[in-house]
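Visitor: Could you walk me through aromatic pairs and interfaces?
Guide: Gladly; let us look together.

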Amino acid sequence: MTTVNDDATSSDWDGRYYHVDQVLNTPGPRTEDSFQAGDAVKDFLRNQCKILVIGAGGLGCEILANLALTGFKDIHVIDMDTIDISNLNRQFLFRPKDVGNPKALVAAEFIMQRVPGVKVTPYFGKIQDKDEDYYLQFNIIVCGLDSVEARRWINATLVNMVDEENPESLKPLIDGGTEGFKGQARVILPTISSCYECSLDMLNKPTAFPICTIANTPRLPEHCIEWASVLEWPRVHGEKKLDTDDPEHIGWLYNTALTRAKEFKIEGVTWSLTQGVVKNIIPAIASTNAIIAASCCNEAFKIATSSAAFLNNYFMLIGTEGVYSYTFEHEKRKECPVCGGESLDITISKEWTVERLIEMLVEKQDIQIKKPSLSSGIKQIYFQAPPQLEQATRPNLEKKVSELVEDGGEVTVTSSTLPFNLSLRIKYT
Amino acid sequence: MSQSGSQTIEQATTAIQVDAQPDNKTRRYDRQLRLWAASGQAALESSRILVISATATSTSILKNLVLPGIGHFTILDPKNVSAADAGNNFFLNGYSSIGKSRAEEAVPLLKELNDSVDGEAVVKRVEDLLKTDDGKQWIKNFTLVIAHNLPNGPLETLSDLLWEELEDPPLMIVRSAGFLADFYIQFREQCIIESHTETAPSIRLTKPFPALQEWADNLDYSKVDPTEHAHIPFAIILIKEADQWRAEHNGALPNTYEEKAQFKKRIRERVVKIDEENFEEAETQAVRLWSEKGVPSDIEELFSLEPLTSSSSKQTLNPEFHALLKTLHAFVNSPEGPGNLPMSSTLPDMKTDTESYVKLQRMYKAQSAIEATQFKELLASKYPQLTIDEDMVDSFIKHAHQIKVLRGKKYGALEADKDAISAALQAWPSDTATTHFALNALSILLEKNSDPTTITAETLKSEVENFVGQGVDIPEDLDNAVGELARSPTADLPNTAAFLGGMIAQEAIKMITKQYVPVNGWCVVDLIESKTGIVNN
């Protein structure tokens, strides 16, 4: 049951916003002239501003609570996940009884119960289900996601949405992320400041183990676990998909990995490690999420109210050794496939096959496109889908790129998972 | 065939699977156990935390400590919920909490975050507790005390109380107003075994132990087949190459840039076919030869550190850790020892075949066991009367390369030292110290007169000038800080509260688990500039 406690204004008891009003009634020494102190700014924040929160997990729960307390009253939240027991050490809007229920729904309900007069509209599903019209209705979008893919999608969508004729089409995007005692918060003004795609190379490189190591020369327990999940699972179970949330599946992987480890006299395969490797688990704690979510919401508050200048544009925190933080302006990348417009120059060997080029596109830190499709002008080089086109272009995989594209020629790379085109200018050594 | 094969595996290992599957508690805490493991979790679970006041900041801090599972918390707060509290504090029941005890309203809403945590509300004034011996003892019995925006008078009394004995609990002082805040941990000494720093332990390439040396000596490049050649572990390649270099250079390792380049070139020349990743790895790992020290300099410095001893009771603080540290010093100086820190049994991955890697790993393990035994014998002979938990000794040996000792100062040490004040004001960026001193001034003024309308930029500024004293240049940034504090002298903003809630909880977790490295000095938070800074004292 979704209920809103009272009408949004009547629940504002006298003194409710005593704390927040101190910074809304008066400008500070660094506040810009555009700040409309007093009733105007309060009216916008509390009665007009519509804000979207993407993710109702570790960051999302914190973001929702902070936004509600600072006076945002029309909040929307999207999350496609259901609650797992391992969320309860930090996702503080959820209780053991909620396990299995959709995060977005439970979180929205909790906030509305606890903070009267705030309306939280949940959507249990994927961000990709929504179109530009949906995203256009919001003033600000705050992201608390754990997926690089989802961040790239929303980032590209918001950049594409910008229409120079219509200033309302530019939606500030605030993005947070954490890992253990570390985290970052950033403000992206699509097309104006550096975007998420511009900084892809700052991501930690995912640990990938070469297939030949996994298959032939395992040394670490991780190699045995990868063998079980990447090679043995499909071999033994055929089409049946591995579900990393299913304890029976994890159990099978654990036992299979353990048996292989024993065979090779490798120590250290545990249930916890198995789960960590196959699910790519990132350690997460409430306190770091609190810091980063607070930082994101503080920026949202500053953008919505102009009560202080907002972050330009990156805040990075490392809490492992003392408290170290670094606030800086991340620069736009001219050849960013999302907001840059210039093509990316790459130099490859004349001997490289199309397949080798694709491999590079998947791996290269600043590109990382899973399943790329390639074309040059009107020429189709390789397409991942539909199946007929894939089949028709498959023979090209073994051809040399230099047979298909002239020196200095352009190749357009697309991916079904990302709403953008990357253009490469190919040169040969 | 494959189906039946897998079933055999399953049948054979069903028993293991049942045992290995984690229980509900482990599943609940999975994402944090990956950071501080069972030992850190046990420390959290036995901790008892006192939080003074149930402000939005205080409940945010507690939320982040209840969720990971501290043992117990007490909120000490004599106040009732105001309309303002009901608006900015997530751990109150909104409008319906107004007029009720703030501590009693907050405790159940915090406790429901985690059934295994015990919580209590104490509706008393800290000033009153500080007047009686029972009250003082009650405060001292906590593991950690946290105070948010406590007026300066009682804060100083509390700080004095918790600085009486060496083993008194650490005190975390948190102050905030509007977008600005700072915090400080008053503690005597923090001894950290698992600091989780990224420094890798030495793998003894410059001083190989006998089994390792033997492997390198017996390796004859001319006699290995191409497959084997591509699987020689980089450690062996480097030891062999280093031996040859030393033989040609009067026992010295490459030192200059040119020599290092020359050394790497020699490794490259050993490659017999393309894609020998082990030789590529040897080249990149060659840096270990000239950077690995027997004893890293920060550990060396700890050897001269004398334990803190109470003048009255002659008791030593952290006696086990210091016994281990003295033993470590003796171990590295021992003529029978390796002249290094004891070997850590963790070996990095190397591009090699399974057999070689497992062989190498076993060698390191065996050597590490030998040295652990030597260490323990030394410990027993030096400290026959001391019993130290075996796990602690093993952990100390394993993490000897990353141990840390922090010595703290009493709250107010910075302000009592004119030179320190002057140094802080000259440090870059200059607004860190000015914000801190402006918060000092705010706290002093609010204690004199609790009416926030008396707070102006001018009164704050003159208060700062007053205690900074004559002849010290105060950077212009002070105007920003005092202006901001005058704008919102008593605002406990939800975002600032949440930010501090996370920061203080991180530090509290580090103090309690004795893992990771807490901050030593004042940490200053400016949420207008979205940054933090440290004022050393």
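We start with ring pairs and then turn to the interface.

Guide: This is a predicted model, where local features need pLDDT of at least 70, side-chain atom pairs count only at pLDDT 80 or more, and totals for chains, interfaces and linings use all residues. Residues are numbered from 1 along each chain as its sequence is written, chains are lettered from A and ligands numbered from 1 in the order written, and side-chain values use heavy atoms, without hydrogens and water.

Visitor: How many aromatic pairs are found over all chains?
Guide: A pair of aromatic rings is described by the distance of the centres and the angle of the planes. Rings of Phe, Tyr and Trp (its six-membered ring) pair with centres within 6.5 Å; planes under 30 degrees apart are stacked, over 60 edge-to-face, the rest tilted. The search finds 26. A:Phe92 and B:Phe91 make a tilted one, at 6.2 Å centre to centre and 40° between the planes. Ring pairs also join A:Phe92, A:Phe110, B:Phe90 and B:Phe91 in a cluster.

Visitor: Is A:Phe92 buried or exposed?
Guide: Buried means under 20% relative accessible area, exposed over 50%, partly exposed in between (1.4 Å probe, protein chains only). A:Phe92 is buried at 3%, and B:Phe91 is buried with 3% relative accessibility.

Visitor: How much area do chain A and chain B bury between them?
Guide: The size of an interface is often given as the accessible area lost when the parts come together. Here, summed over both parts (1.4 Å probe), chain A and chain B bury about 7,900 Å², 59% of it on carbon and sulfur atoms. In chain A, A:Arg30, A:Arg114 and A:Arg219 lose the most area to chain B.

Technical notes. Buried area = accessible area lost by both parts, 1.4 Å probe.
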